[in-house]
Every structure is written in structure tokens, then in C-alpha cells.
Amino acid sequence: MRLVGIESNNCIEWLLVNLVCCMYGMTSVPLYDSLSQENHNYIINHSGITVLFCSAIVCNSFLKIGKFGKVKTVVLFG
């Protein structure tokens, strides 16, 4: 099973990534902007996601955190 993280505001790209995950049998893990930094870090480190789809604005904050868990690939959209 492949776990894919999606972190963005509501947009068409979020929906498309989620639909592709469903089509290919992947599990999407939504990361909401309303989460605290502590909860955000917990989800990334304990969910096992290896790919993270995110908007450019969110990516900047993700890179500042410095805790990437098992994330190996970050895909930007928007």
C-alpha cells in the first residue's frame, strides 16, 4: 500500500490528486492547514507517507519544519 499526503487549501489539484489515489489503489492522507504544528509533525512522522503533494505556499512551511518522516518526494502544484 502506498500512502500519499495532500496538503493544500481547497483547490482542483487537491481533488485530482485524491481521485488519482483512488484510481490506483493508494491511500491519501489529508493534511489540513488548520492543524497545529505539533499535529502536523505527528501525522507526517507516523503515517508513513512517502509522497507529499502540496501547494507552493505550503511547501515553504513544510521545508521550514525540517522533519520529513519517510517523505522522499514532494510534488508542487498551483
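Predicted model: local features only at pLDDT ≥ 70, side-chain atom pairs only at ≥ 80, totals over all residues.
Select Ile-43 to start. Ile-43 is partly exposed, with a relative accessible area of 23%; buried means under 20%, exposed over 50%, and partly exposed in between (1.4 Å probe, protein chains only). The residue sits in helix α2. Helices (H or I, at least four residues) and strands (E, at least two) are DSSP runs, numbered from the N terminus.

Residues are numbered from 1 along each chain as its sequence is written, and side-chain values use heavy atoms, with hydrogens and water left out.

**Strand β2**

Next, select Leu-31. Leu-31 lies in strand β2, residues 27–31. Leu-31 counts as buried because its relative accessibility is 1%. Bring in Ile-6: 25 residues separate the pair in sequence, but C-alpha to C-alpha they are 6.0 Å apart.

**Helix α3**

Move to Cys-59, in helix α3. At 8% relative accessibility, Cys-59 is buried. Cys-59 and Val-75 are 16 residues apart in sequence and 9.0 Å apart in space, C-alpha to C-alpha.

**The largest pocket**

Select Glu-7, Tyr-32, Asp-33, His-40 and Ser-61. Of the 11 residues lining the largest pocket, these lie nearest its centre. A pocket is an open set of points on a 1 Å grid over the protein atoms alone, where a 1.4 Å probe fits, with protein on both sides within 12 Å along at least five of seven lines; lining residues have an atom within 4 Å of a point. The volume is about 150 Å³, counted as the space filled by probe spheres set on the points.

Colour α2 (37–47) and α3 (56–65): these elements give two or more residues to the lining. The largest share, three residues, comes from α3. By class, the lining has four nonpolar, five polar and two charged residues.

**A nonpolar patch**

Last, select Ile-12, Leu-15, Leu-16 and Leu-19. Together they make a nonpolar surface patch of about 360 Å². Patch residues have over 30% relative accessible area and no salt bridge, and nonpolar side chains are joined within 5 Å. A salt bridge is a side-chain nitrogen of Lys or Arg within 4 Å of a carboxyl oxygen of Asp or Glu. Zoom in on Leu-15, in helix α1 (residues 12–23). At 40% relative accessibility, Leu-15 is partly exposed.

Key: Nonpolar A, V, L, I, M, F, W, Y, C, P; charged D, E, K, R; others polar. Patch = residues over 30% accessible without salt bridge, like charges linked within 9 Å, V, L, I, M, F, W, Y side chains within 5 Å. Areas by Shrake-Rupley, 256 points an atom, 1.4 Å probe, with all protein chains shown as cover.
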